[in-house]
Amino acid sequence: GAWLVEAGEPERGVAVLVANGNAGTRSLRAPLARALASAGLAVLLFDYRGYGGNPGRPSERGLARDVRAAHRFSDRRGRGRAGAPLYFGESLGAAVVTELATEHPPAGLVLRSPFVDLASLGRVHYPFLPVRTLLRDRYSLADHLARVKVPTTVVYGSRDSIVPPAQSRAVAAVAAGETRLVEIAGADHNDPALLDGEQLIEAVVQLAERVCQRPRTRRAHGTPRPSPPPA
C-alpha cells in the first residue's frame, strides 16, 4: 500500500520517496508528507511487507524489493519531471534507500538518524552478545553509502537514545557525495522535531533546491566531510 501526496504551491518539480523506520507505517508519516507537500514537494509514502495491512514478513531482502516497487511507481509517475527523486530514509529506512541508491541513484539523499550497520548498532544496545554472528540481516548502510555519489544530508538528534549521534556522524563521514550534517539539539529518536519538525523539513527543502540548481552534466564539488568519531 502507498499514498502519493501531490505538491502544493510553489511546486518545485521534485518528488520525495520516503522509507519508514522500523515498525513505521505511512499513516504515521502523513504529517511529514503534509509538511513537505506544503513546501512544494510531491511525496510518496509506502508500507513495507508485514506493515500497514500488507501481507508477508519483513526482511532485508523483502524491504529491498518493496522499495524498488515504490521506486518503479515513482519513476513512472515522475516521467516528464525535472529529474530523479530525492530519497528520504529514517533510521532503518535510511539503510533501505541507501541500498536502493546503489542501483538507482537519486537526485539526493536525506538520511535521518542513520546507523553504520545493524551489527554495530546492536553492539551499542547488547554489548555482551555476539550480535554480528546472531544477525540474519545486515543493513550495511555505510558500505553502500560509500558507493553513492549524490548530495547527501544527514539529520540526527543530539540526544538520540536508539541510534547514537556518533553512528550518524560516522555515516556522514563515509558519504561519497557532497555532504551536509544537521544536528537537531536535544532531540531523541522519535521526538516530533525528528518526525516533521521545522529543521528537518528545511533540510529536505534545501537539498531539493540544491539539486535543482546543480548542472545535470557534472557533479558539484564536495564540501569537507566530518572525520569519523574515535573508536
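At 11% relative accessibility, Ser91 counts as buried, because buried means under 20% relative accessible area, with exposed over 50% and partly exposed in between (1.4 Å probe, protein chains only). This is a predicted model in which local features need pLDDT of at least 70 and side-chain atom pairs count only at pLDDT 80 or more, while totals for chains, interfaces and linings use all residues. Residues are numbered from 1 along each chain as its sequence is written, and side-chain values use heavy atoms, with hydrogens and water left out.

Ser91 sits in the loop between S4 and H3; helices (H or I, at least four residues) and strands (E, at least two) are DSSP runs, numbered from the N terminus. Neighbours within four places in sequence aside, Ser91 is in contact (heavy atoms within 4.5 Å) with Gly21, Arg112, Ser113, Phe115, Val163 and His189. Ser113, in turn, belongs to the loop between S5 and helix H4 (118-125) and is buried, with a relative accessible area of 0%.

## Backbone exceptions

Most residues other than glycine have a negative phi, and most peptide bonds are trans. Phi of Ser91 is near 55°, a positive value, and phi of Ser113 is also near 55°. The peptide bond from Glu9 to Pro10 is cis, with omega near 0°; Pro10 is in the loop between S1 and S2.

## Sheet and helices

The protein has nine helices and seven strands. Seven strands form an open sheet of mixed pairing, in the order S1-S3-S2-S4-S5-S6-S7; two strands pair if DSSP finds at least two bridges between them. Strand S1 (2-5) and strand S7 (179-184) are the edge strands, each pairing on one side only. On average, neighbouring strands of this sheet are turned by 15° against each other, direction ignored. Within the sheet, strand S5 (residues 108-112) and strand S6 (residues 152-157) pair in the parallel sense over four bridges, and Val110 stands opposite Thr153 in S6.

Helix H1 (residues 30-38) lies across S1, strand S2 (15-19), strand S3 (42-46) and strand S4 (86-90), running at about 165° to S3. Helix H2 (residues 60-77) packs on the sheet, where it touches S1, S2, S3 and S4, and its direction makes about 150° with that of S3. For these angles, axes are lines fitted to C-alpha atoms, for helices over the stretch in contact, and angles run from 0 to 180 degrees between N-to-C directions.

## Nonpolar cores

A nonpolar core is a set of buried Ala, Val, Leu, Ile, Met, Phe, Trp, Tyr and Cys residues joined through side-chain atoms within 4.5 Å. The largest has 30 residues, and Leu17, Leu109 and Leu111 have the most contacts inside it. Elements giving two or more residues to this core are S2, S3, H2, helix H3 (92-103), S5, helix H6 (141-145) and helix H7 (165-174). Its largest share, seven residues, comes from H3. Apart from it lies another core, of 27 residues, including Ala39, Val182, Leu194 and Ile201.

Across the protein, buried residues make up 50% of the 231 residues.

## Aromatic rings

Phe46 and Tyr48 form an edge-to-face aromatic pair, 5.5 Å centre to centre with 85° between the planes. Rings of Phe, Tyr and Trp (its six-membered ring) pair if their centres lie within 6.5 Å; planes under 30 degrees apart count as stacked, over 60 as edge-to-face and the rest as tilted. Both Phe46 and Tyr48 are buried.

Arg26 lies over the face of Trp3, at 4.7 Å from the ring centre; the criterion is NZ of Lys or CZ of Arg within 6 Å of the ring centre and within 35 degrees of the ring normal.
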